[in-house]
Amino acid sequence: MGFLELLEVASMPIVQVLLISVLGAFLATDYCSLLSADTRRSVNKLVFVVFTPCIMFANLAQTVTLQDIISWWFMPINVGITFLVGGILGWLVVKLLNPKPQLHGLIIATCASGNMGNLMIILVPAICDEEGSPFGNRSVCRSIGLSYSSFSMALGGFYIWTYSYQLVRSSATQFKALGLVKSANKDMDSDDPRSLLLPKPQQNQDIEIQVKEKVSTRTYIKDLLHQILEELFAPPTVGAILGFVFGATNWLRNLIIGENAPLRVIQDSVKLLGDGTIPCITLILGGNLIQGLRSSAVKTSVIVGVICVRYIILPVVGVGVVQLAWSLGYLPPDPLFRYVLMLQFTLPPAMNISTMAQLFDVAQDECSVIFLWTYLVASLALTMWSTIFLSILS
């Protein structure tokens, strides 16, 4: 295939996402007012609790078997490398640019967490559907590609709802605690006679440090275990775990999968709910991007830093990692598998981060600005890198 043909194949899935996002942006404008901030927040919670677990369970239970999980052993490592390298680069961006405190966790999370869920499910099967795709028969490619995408989505969801979730939550907690300390110090500096009864700022800080040290020493292990359990039992993670269990266990799989399965109505119902995930998330993405247009709460240097990490440094690292693993014989012979692994390094930030920002009520405007520019650049970056990946594999 020539460069222009590869460019056309790679660009069509991106155009689909852009069209649905534009519709979401229109629905969020004052002219339409169907996707207000409160509506987006409510739908985000619905996606988090219902739609995402359903699509994960439905796809994994149907398309991923125990043999697949064993043969695709490198994909969890690949996803872990994307989070590790992206997190380190995001930390460097924070240290170099010194943004506002509430943005620290958000920046590291956006650099580390790619959109391995709905974008993979849209992009990979769409690549298979294009004429001239280098991945063979269209129906076979689409079926296998959906399996790869579902596995990628489950792995990405696990990392996002543990690592990235913790980053955003801890950043929100620290920012709110800092605000409370500043508010208390401001009250003590006031002319109110009652402030004379309160400790001085320095005394207050010393007391606060002593209390923190005492509490952290007593409750560190307890809080850590509680956080791990809480994150592991987040609805998307539970959906992914159940999908793996049903897909890998033959008798459970036969209960719900297949025309003669006695409980196939459960799989059909779950799949019906899961089908709402992609349009809902993409529409909300467009609505959140409109909010980004109305705000300039993030320095240009921060946006440029995130874009460079996600669309320049990580893709180069991804090509090196995948080609090295291929040369060492760690990967299956299917070129589509290598394409998926490379694509995991090239994706824009996970949209679940915006859900987390709204859940914890922190840096929502800044998140919208970062998402606006990263997803605008993604239309060009994904097309170009996808073309490069296809040329390498073909």
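Here is a walk through this structure, from the whole chain down to a few single residues. Keep in mind that the model is predicted.

Let's start with the big picture. The protein chain folds into 16 helices and zero strands. It has 394 residues, and 50% of them count as buried. The accessible surface comes to about 18,800 Å², with 66% of that belonging to carbon and sulfur atoms. How do the contacts run along the sequence? Take the contacts between residues at least 6 apart in sequence: 84% of them join residues at least 24 apart.

Now zoom in on serine 150, which you'll find in helix 7, residues 138-188. Is serine 150 buried or exposed? It counts as buried because its relative accessibility is 0%. Leaving out residues up to four places away in sequence, serine 150 touches Asn59, Leu60 and Thr63. Glycine 117 is 33 residues away from serine 150 in sequence, yet their C-alpha atoms are 7.6 Å apart in space.

Next comes asparagine 115, which sits in the loop between helix 5 (104-112) and helix 6 (118-129). Asparagine 115 has a relative accessibility of 3%, so it counts as buried. Which residues is asparagine 115 in contact with, beyond its neighbours within four places in sequence? They are Met120, Leu347, Pro348, Pro349, Ala350, Met351 and Tyr375. There is also serine 152, 37 residues along the chain from asparagine 115, with 9.8 Å between the two C-alpha atoms.

Asparagine 98 lies between helix 4 and helix 5, and it counts as exposed because its relative accessibility is 56%. Its backbone has something to show as well: asparagine 98 has a positive phi of about 50°, although it is not a glycine.

Several of its residues are buried, among them Pro236, Gly239, Gly243 and Phe246.

What about charged pairs? The structure holds two salt bridges. In one, the side chains of aspartate 38 and arginine 41 meet, with 2.9 Å from N to O. Both residues belong to helix 2 (residues 37-63) and are three residues apart, about one turn of the helix. An α-helix has 3.6 residues a turn, so residues three or four places apart point the same way. Aspartate 38 counts as exposed because its relative accessibility is 55%, whereas arginine 41, at 24%, counts as partly exposed. The other bridge links lysine 271 to aspartate 275, where the closest N and O atoms are 3.7 Å apart. Lysine 271 is partly exposed at 37% relative accessibility, and aspartate 275 is partly exposed at 44%.

Trp73, Ile77, Leu324, Leu328 and Tyr330 make a nonpolar surface patch of about 500 Å². One of them, isoleucine 77, is in helix 4, residues 74-97. With a relative accessibility of 39%, isoleucine 77 counts as partly exposed.

Another isoleucine, at position 312, is in helix 13, residues 300-327. Isoleucine 312 is also partly exposed, at 48% relative accessible area. Setting aside neighbours within four places in sequence, isoleucine 312 is in contact with Ile307 and Trp385. Tryptophan 385 is 73 residues from isoleucine 312 in sequence, with 9.5 Å between their C-alpha atoms.

Conventions
Residues are numbered from 1 along each chain as its sequence is written. This is a predicted model: local features need pLDDT of at least 70, side-chain atom pairs count only at pLDDT 80 or more; totals for chains, interfaces and linings use all residues. Side-chain values use heavy atoms; hydrogens and water are left out. Patches are made of residues with over 30% relative accessible area and no salt bridge: like charges are joined within 9 Å, nonpolar side chains (Val, Leu, Ile, Met, Phe, Trp, Tyr) within 5 Å. Accessible areas come from the Shrake-Rupley method with a 1.4 Å probe; for residues, only the protein chains shown count as cover. A salt bridge is a side-chain nitrogen of Lys or Arg within 4 Å of a carboxyl oxygen of Asp or Glu. Helices (H or I, at least four residues) and strands (E, at least two) are DSSP runs, numbered from the N terminus. Buried means under 20% relative accessible area, exposed over 50%, partly exposed in between (1.4 Å probe, protein chains only). Contact means heavy atoms within 4.5 Å.
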